[in-house]
Amino acid sequence: MMNTLNTEKSAEKPFRKTGNPVELTSESPLHPRRKSHRIMVGSVPVGGGAPISVQSMTNTLTANVPATLQQIAELTAAGCDIVRVAVPSQDDADALPEICRKSPVPIIADIHFQSKYVFQAIDAGCAAVRVNPGNIRKFNEVGPSICKAATDAGISLRIGVNAGSLDKELYAKYGGPTPEALVASALKEAHMFEDVGFHDFKISVKHHDVITMVETYRLLASKGDWPLHLGVTEAGPAWQGTIKSCLAFGALLAEGIGDTIRVSLSAPPVEEVKVGCKLLEYMGLRPRKFDIISCPSCGRAQVDVIQLASAVTEGLKDVTAPIRVAVMGCIVNGPGEAREADLGVASGNGKGQIFIKGKVIETVPEDQIVDTLLTKAQEIAAQMEADGLVPVNATGPVVVPIQHPNR
């Protein structure tokens, strides 16, 4: 049964911490976005065509407030829109009011097993609470009270269904955490909320296997208009988890499915945010930030492209102006790619031709390429700031999306 929540009415609902949400929409260049109703996570709209938000989760002890706030600040600087914190103990729950008060982004409390922490998180000022009905004790009894508390506070919830914590009855019925089993669990819990008149929730149905995860979200997306939180759970170490997440998210986002994402990596949380932001940039779902176009190493290259690209990336990591830099190492594609970038170099024969906006401005010896590129990039950045082309609150390297004349 499709959810019939009035989107405009929901968007106008007063939220305790953030006031009225800004009406934002975002379309994919690949496929129309799936129609979903909008909820708010603090000041961040989720669903209803809102820009796809990037989430991550702190790995500090939440009770260690200074360490947790420091990591939240780092995640925010990397481009994170929403941060989730774990609340497995009373000490963690007691830390939430200060964390919520001081955090620059909305905080979601991650609650398992103990329903009392859900109510404490709501009272603490969390923008949302992630609940897993599959492991909350006596959820059938406490669920309505949780929905009422969330309604009274003006916050949203997330139903989080994971393959590893699937209801035992559903596990037995479907023979494991199949797409059908995960969706059945999500529908059961969604209807539980809706039956008491609560609609301000999003759903995740995570699995570690890419194909199963994609099939599960496709199935769930066909069943209703709930906003969907995408995730590949237990994705693995950085390189493996990045590949899994990009494959799964790319497939779903290319079909218009997904309203908010978290890249789950066995790596520092900031790395999750970097991958998530870049993934959305390359899918055309958020403005591109600072970008390096560099050729692969091959027998045609006459310079160390790997070292050159790494040095330029490191040297420009703090630039907040929208700049695209091309670092090319041979004469086949180098000049053409360098001309297309804001700033570029085509290298070979012990020297590099420096391009700005398609024109060669000078030729420098190989050992001066990096310093020249960094200097020119800073000059371009300064001019863009003077021209008002850099967002006031820009927190990281940022790039203007390519404009397609036929769109």
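A residue is called buried when its relative accessible area is under 20%, exposed when that area is over 50%, and partly exposed in between (1.4 Å probe, protein chains only). The structure described here is a predicted model, in which local features need pLDDT of at least 70 and side-chain atom pairs count only at pLDDT 80 or more, while totals for chains, interfaces and linings use all residues. Residues are numbered from 1 along each chain as its sequence is written, and side-chain values use heavy atoms, with hydrogens and water left out.

The chain contains 13 helices and 15 strands, where helices (H or I, at least four residues) and strands (E, at least two) are DSSP runs numbered from the N terminus. Of the 407 residues in the chain, 55% are buried. The chain exposes about 18100 Å², of which carbon and sulfur atoms supply 54%; accessible areas come from the Shrake-Rupley method with a 1.4 Å probe, and for residues only the protein chains shown count as cover.

Two helices were compared with their expected span, which is 1.5 Å times one less than the number of residues. Helix H13 (residues 369-386) has 18 residues and should therefore span 26 Å, in agreement with the 26 Å between its end C-alpha atoms. The buried residues of H13 include Ile369, Val370, Leu373, Leu374, Ala377, Ile380, Ala381 and Met384, and also Thr372 and Lys376. These buried residues pack against helix H11 (305-315) and against strands S12 (324-328), S13 (343-348), S14 (351-356) and S15 (359-365), contact being defined as heavy atoms within 4.5 Å. Just after H13, Gly388 adopts a positive phi of about 75°. For helix H7 (residues 179-194), the 16 residues should span 22 Å, and the end C-alpha atoms are 22 Å apart, which agrees. Because 13 of the 16 residues of H7 are buried, this helix is largely enclosed by the rest of the structure.

The partner of Lys357 is Asp342, with the closest N and O atoms 2.6 Å apart. This pair links distant parts of the chain, since Asp342 lies in the loop between helix H12 (334-340) and S13, 15 residues from Lys357. Asp342 is buried, with a relative accessible area of 16%. Salt bridges that share partners also join Arg33, Arg34 and Asp259 into one network.

Other salt bridges lie within single helices. In helix H5 (residues 139-153), Lys148 and Asp152 are four residues apart, about one turn of the helix, and their side chains meet at 2.8 Å, N to O. Lys148 is exposed at 53% relative accessibility, as is Asp152 at 57%. In helix H10 (residues 269-282), Glu271 and Lys274 are three residues apart and thus separated by about one helical turn, with their closest N and O atoms 3.4 Å apart. Glu271 is partly exposed at 31% relative accessibility, and Lys274 is partly exposed at 43%.

The structure holds zero disulfides, a disulfide being a pair of cysteine sulfur atoms within 2.5 Å. Cys100 is in no disulfide, and the nearest cysteine sulfur, that of Cys126, is 3.5 Å away. Cys100 counts as buried at 4% relative accessibility, whereas Cys246 counts as partly exposed at 35%.

On the surface, Trp239, Ile243 and Leu247 form a nonpolar patch with about 370 Å² of accessible area together. Patches are made of residues with over 30% relative accessible area and no salt bridge, like charges being joined within 9 Å and nonpolar side chains (Val, Leu, Ile, Met, Phe, Trp, Tyr) within 5 Å. Trp239 belongs to helix H9 (residues 238-253) and counts as exposed at 62% relative accessibility.

Notes. A salt bridge is a side-chain nitrogen of Lys or Arg within 4 Å of a carboxyl oxygen of Asp or Glu.
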